[in-house]
Amino acid sequence: MKALFDKVSNDCSVKVTKAYSTSFSSAVKMLAPSIRQDIYNIYGFVRFADEIVDSFHDYDKEFLFSKFEQDLADALKHQISLNPILNSFQYTVNKYNIPQEMIDAFMKSMRLDLSKSEYKTTEEYQEYIYGSADVVGLMCLKVFVNGNEEKYNELKDSAMRLGSAFQKVNFLRDLKADFEELSRTYFPNTDLNHLDEKSKQEIIADIESDFEAAFEGIKNLPLEAKFGVYTAYRYYKKLLKKLQKTPSLEIKNTRIRVSDYQKVELLARCYVKYRLNII
């Protein structure tokens, strides 16, 4: 009956993804069925770790994170966990030989959110981005290439740049919540109390550079992954365009989003390009 428990674990990862991110879950649906569940499993894991440090304000976050960290280590060691999210994640880790270094880097960045509220140097900022976003892109790439190391090495830089772009867009979109509710400042050398258009455009130019590099990799992804990743890429590009057009003062006071109608239109356009093989 272990198979039934594994199915329940997988179902939990799917539910977590759909509950926490309708946009990302829509993109995952565009992946081939053979790899879809494993991306749900990765997202469920990173979502739970992120929730501990971002949301559980009435609880001992340090205790909860340390417990989650130990449960993760036990799950990876014994290849089973009674935590269904960790049980599904360890399965994907072992199936695709996801390196421990990636997982450690991710957990290190998440732990920083328990105590660090400001990133003053570019080096600190880049290290956080690597752990919180780049390695997530690399984990997904491990699934996409399914053991093809030559393909992985060819695409890993682009995967990291895409992870960076997604994370930086999230930072810019969530300025108000991060700054006012969590007292965090991720962008170095940027005074969020006096964010001006020049500073905003510099951040956007950096993100656009990441997107440009990432797109070169997207064009060479295996067919099983290309449509889904391209859809996520276009969604975040759309979000960045809206942020670019939004005055800096308004970005600090509201959360910019892409409407459901725009998401449907974007998906249709992505599908046409995918079917015509012009990605």
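How many of the residues of helix 7 are buried? I looked this up to start, and found that helix 7 is mostly covered, with 18 of its 24 residues buried. Buried here means under 20% relative accessible area, exposed means over 50%, and partly exposed lies in between (1.4 Å probe, protein chains only). Helices are DSSP runs (H or I, at least four residues), numbered from the N terminus.

A note on the model before going on. It is a predicted one, in which local features need pLDDT of at least 70 and side-chain atom pairs count only at pLDDT 80 or more, while totals for chains, interfaces and linings use all residues. Residues are numbered from 1 along each chain as its sequence is written, and side-chain values use heavy atoms, with hydrogens and water left out.

**Entry: helix 7 and what follows**

I followed helix 7 along and found a bend of about 45° at Y130. That bend is the angle between axes fitted to the seven residues ending there and the seven starting there. Just after helix 7 comes N146, with a positive phi of about 50°. N146 sits in the loop between helix 7 (122-145) and helix 8 (149-173), and it counts as exposed because its relative accessibility is 57%.

**Entry: another positive phi**

Most residues other than glycine have a negative phi. I therefore noted Q79 too, whose phi is positive, near 60°; its relative accessibility of 46% makes it partly exposed. Q79 belongs to the loop between helix 4 and helix 5 (84-96).

**Entry: helix 4 against helix 6**

Next I checked how helix 4 (residues 61-78) packs with helix 6 (residues 100-112): the angle is about 175° and the axes are 12 Å apart. Axes are lines fitted to C-alpha atoms, for helices over the stretch in contact, and angles run from 0 to 180 degrees between N-to-C directions.

Which residues of helix 4 and helix 6 make the contact? I listed E62, F65, S66, F68, E69, L72 and L76 from helix 4, and Q100, I103, M107, M110 and R111 from helix 6. Contact means heavy atoms within 4.5 Å.

**Entry: S9**

Is S9 buried or exposed? I found S9 buried, at a relative accessible area of 1%. Its place is in helix 1 (residues 2-20). Leaving out residues up to four places away in sequence, S9 touches P84, N87 and S88.

Terms used. Helix = DSSP H or I, 4+ residues; strand = E, 2+ residues; numbered from the N terminus.
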